[in-house]
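Please take a moment to look over the sequence and the three-dimensional model shown here, and then follow the text from one part of the structure to the next.

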Amino acid sequence: MTRRIRTALSSVPLLLLGGCSNWQSALDARGASAISLKHLIVLIVAVCSVIWALVMIAMIHALWRRREAWRAPLDLRAPRERRIGWIVSICVGLTAVIIAGFTVASFFTTRNISVAGQDDLTIRIGGLQWWWSVEYLGPDPARGFVSANEIHIPTGRNVRLLLQGDDVIHSFWVPSLAGKQDLIPGRINEITIRADRPGTYRGQCAEFCGLQHAHMGFLVTADTPEEFAKWAEAQRATAASTTDDEEIAAGRDTFMRKPCAGCHSIRGTQATGTSGPDLTHVGSRAFIAAGLLPTSRGALAAWISDPQTLKPGNNMPLVPLSPDELRAVSAYLASLK
Amino acid sequence: MTDTIAHAQILDTELERPRLTGQLAETWKTESGLWGALSTVDHKIIGRRYITTAFVFLLLGGVLAILMRLQLAGPEQRLIGPDRYNQIFTIHGANMMFLFAVPVMEAMGVYLVPLMVGTRNIAFPRLNAFSYWMFLAGGLVLWISFALDMGPDVGWFAYVPLSGPQYAPGKRADIWAQMITFTEVAALAVAVEIVVTVFKQRAPGMSLDRIPLFVWAMLVTSFVVIMAMPAIMVASTSLILDRLVGTHFFNPAEGGDVLLWQHLFWFFGHPEVYIIFIPAVGMVSTLVATFSRRPVYGYLALVVALIGTGILAFGLWVHHMFTTGLPRLGESFFTAPSMAIAIPSGVQIFCWIATLWEGRPVFKTPLLFVIGFIVTFVIGGLTGVMVASVPFDTQVHDTYFVVAHFHYVLIGGAVFPLLGAVYYWFPKFTGRMMSERLGRWAFGLIFIGFHATFFPMHILGLEGMPRRVYTYQPDLPWHGLNLFASASAVVLAAGFLVFFIDVVMSARSGNLAGDNPWDAPTLEWATSSPPPAYNFAHMPVVSGAHPLWEQPGALNVADGLHTDRREVLVTAITTAAPQARESSPQNSIWPLLTAIATSIMLIWSIFSPWAVVWGSIPIAITLIGWFWPKGTPEDEA
């Protein structure tokens, strides 16, 4: 069953996101920092391409130019050797000038990349095998909340991300918004991201972190400030504790009764585990399992029924559920908007 | 055997040519049969063995590369699971760096340096034998563990905490760390031998300004090995201690530091690249001179560039850590040397092009590989300048862009020259020429296959594809280029296949080469192909940097060495004026026994710290056997 669901699902993201196939690319820069990095990349690549072409022209000419008559290997002409010496020296000098230029350009690019201050929206990102915890801290800590694998930011503002590896080293990278920065156990790193237009950008762990390094994706969604405020308000809310839908109620019961609640938190319920992603609003996120599958009841059911086939080696155990329980739990999770 | 020779006739001065060579052959010979093979200390036999073994590891590592390309040919393929894939890319990297690239370059030095400086054996020949056995044991440890599904899976760089006790249970990471120890011991041994051989055993007259550039390159490389390798030994030993006896060098919860690992690893890891690249520079300089039919342009500049590269190599390690959140100022500081390494590389490229310009190029296979090298290495060098820029690097670090970059540098910058060097020196190794026709095919397939495989990876990296992923999702636009790279890898593999076929066929039935088939200028061509066990019947005396061009036909020689015992000439470091006759050790089985004892201790220490205590006893015994006087003429000298 899992396979079939998977196959059916695999076409969904293509349909959903057909318009943004480059949503994880340093060449498709959308954030302020990624745009200045792209300018630097284009500049350096262009200059280097010219250098390469010149070296190739020189080499080809050296190989195939017309030559005077044969001479013995050691029969060298001193004036010519001296002239070549000058040419080689000039080329070396030019090399030094060019790399000095690159160094200066790099320095100014780094300086121009804006850095968020204490007062800006601050989000703590935790890297774990193999998902991302997302904790909105400020500017007002009392209004903070926790999510996972999906970050929303308001457009037009610097957002400060505090990065920390909670088990091994990971690396936070949303190429369309900014360069990468590692999450290192025992340290807190900072990076600033800023998107000036609304959009959804994909990111992925960039430091090898074990079995499922390949499936450690996340999304950054830039909303207009109004929409962001609305979204944040919704995220801050606890999960609904009552429902008219019997299946959803049964699913909630099952979730609390089974080992699920030992690892996952759903705010407003007795599920307070912290070793897996917070699921309070899992139904509102675009993907589950760190960018693996687009969220839907079917995907949730597939994931719960066989996490080790979909993402071999991940830390979610297979919790045996009857078909009814599986349906109910997936309905419940999908309802957590 | 030596009893039959009267003592009055033991100096080479007093013997006629046939008696002399017969006597020398007897003194320097390697016994036939298994015992002879296991106990030989002839640098040529060990060098050939070393090179062959390293190429076998290249073949095995190449098979892993093909497996990875198969897996990545399409999105979400299930050909290889993540556990196996992580072992495969770890072993591919560790194998190519520690069991192929470094050893093969050192092995070329082991074979060629004594011949190029005109001596009869490498310094410390028994250490040389020991080095080979340690290298072989290290390779076997890695590959047998892989065959048993307990191969290292933490990357060739084994970052903590992923390789630490908490996240890497089992013995896989320990195997990685001990494999490092094996190959480091082997590499350090060869480095010391080469330094001493170059400093003290050069032919009379070979002053510093007459040393062949390949020998200079091996000398600089050896110093880089000696200075870089201790850092990784400290790192891997600390890792084993963390894992085995509960120290906390890398545990942040107990005051350890995970970045300490990265500093130690890259303080070794970046010079490692130059340990591979500098010998290649020496090879290219040699090939360019011979096939341009003139001395290489800018000898002094090239020597200074080699030394400069060797020094700068130690100032670059932080550019592997630009995304770890080090202070911005520190990062900018390390940008400068990372960029500045382009200057010595530029000097080299410009001097080679000047040599080709002023010379009369002969388009044989070795020169084709040199041309392929220049085309490819300049790209790799320029992308190296790119990743030296901190902001640029934050976008491409740990992506396929970097995979492309370092394959351009390592394959384009080191393997192309190495293949050219094999075509060039094969006649010296075997007495037979390799096939020009197959050589052109091999070059064409490897050159095209290489660029088609690796160039698209630059774009994949910029398009956001991280390294070390066992698969990627279908909604990311990487499928086409990955499929193209995988298909091209087949062409690349076919090129290597042609090369290996050429080697095997030519070794059996290639055209006979003669002493100096390329009319090359350096001393290794002043003896027969392959050289006799004693290398040179008389010690060559040189009066320039290109002895065989300066004294065509008849080389000046020195004599006065004993023929009934192994003796080499010791000369002064700078002027190479003769100073003394020095005994060179006879064949011995003890280096092999010592290597076995050491291997047992190192493998055992993966499982118990007491191995270091009890395992050192057999090592001590075998070392005593190694150095015990055996009553040979060499002992008495």
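This is a predicted model: local features need pLDDT of at least 70, side-chain atom pairs count only at pLDDT 80 or more; totals for chains, interfaces and linings use all residues.

Strand β1 of chain A, residues 121-128, runs antiparallel to β2(A) and is joined to β2(A) by 6 bridges, and β1(A) and β2(A) form a hairpin with 2 residues between them. Within this pairing, Gly126(A) has Ser133(A) in β2(A) as its bridge partner. The strand β2(A) also pairs with β3(A), again in the antiparallel sense, over 4 bridges, and here Glu135(A) stands opposite Val146(A) in β3(A).

Stepping back to the whole of chain A, one can count 10 helices and 12 strands. The radius of gyration of chain A is 27 Å, well over the 20 Å that the globule rule gives for 337 residues, and chain A is therefore more spread out than a compact globule. Its C-alpha atoms fill a box of roughly 95 × 45 × 40 Å along the principal axes, and 42% of the 337 residues of chain A count as buried. Among contacts in chain A between residues at least 6 apart in sequence, 66% join residues at least 24 apart.

Chain B has 21 helices and 4 strands. Because its radius of gyration of 25 Å is close to the 26 Å that the globule rule gives for 637 residues, chain B is as compact as a globular protein of that length. The C-alpha atoms of chain B, taken along the principal axes, fill a box of roughly 80 × 60 × 50 Å, and buried residues make up 60% of the 637 residues in this chain. Of the contacts in chain B between residues at least 6 apart in sequence, 81% join residues at least 24 apart.

Where do the two chains meet? In the model, 73 residues of chain B are in contact with 68 residues of chain A. Several helices of chain B give two or more residues to the side that touches chain A, among them α4 (82-116), α8 (258-292) and α12 (365-388), but α11(B) gives the most, with 12 residues. By class, this side of chain B has 43 nonpolar, 18 polar and 12 charged residues.

The largest nonpolar core has 298 residues, and those with the most contacts inside it are Ala101(B), Val215(B), Ile276(B) and Cys351(B). Since domain 1 and domain 2 of chain A both give residues to this core, the core lies between them. Leaving aside residues up to four places away in sequence, Ala101(B) touches Met96(B), Ile276(B), Leu410(B) and Ala414(B).

Conventions
Residues are numbered from 1 along each chain as its sequence is written. Chains are lettered from A and ligands numbered from 1 in the order in which they are written. The radius of gyration is taken over C-alpha atoms; the globule rule is 2.2 Å times the number of residues to the power 0.38. A residue is buried if 20 or more other C-beta atoms lie within 10 Å of its own, exposed if 12 or fewer, and partly exposed in between; C-beta atoms are placed from the backbone. Two residues are in contact if their C-beta atoms, placed from the backbone, lie within 7 Å. A nonpolar core is a set of buried Ala, Val, Leu, Ile, Met, Phe, Trp, Tyr and Cys residues joined through C-beta atoms within 7 Å. Domain bounds come from an automatic or database domain assignment. Two strands pair if DSSP finds at least two bridges between them. Ala, Val, Leu, Ile, Met, Phe, Trp, Tyr, Cys and Pro count as nonpolar, Asp, Glu, Lys and Arg as charged, and the others, Gly among them, as polar.
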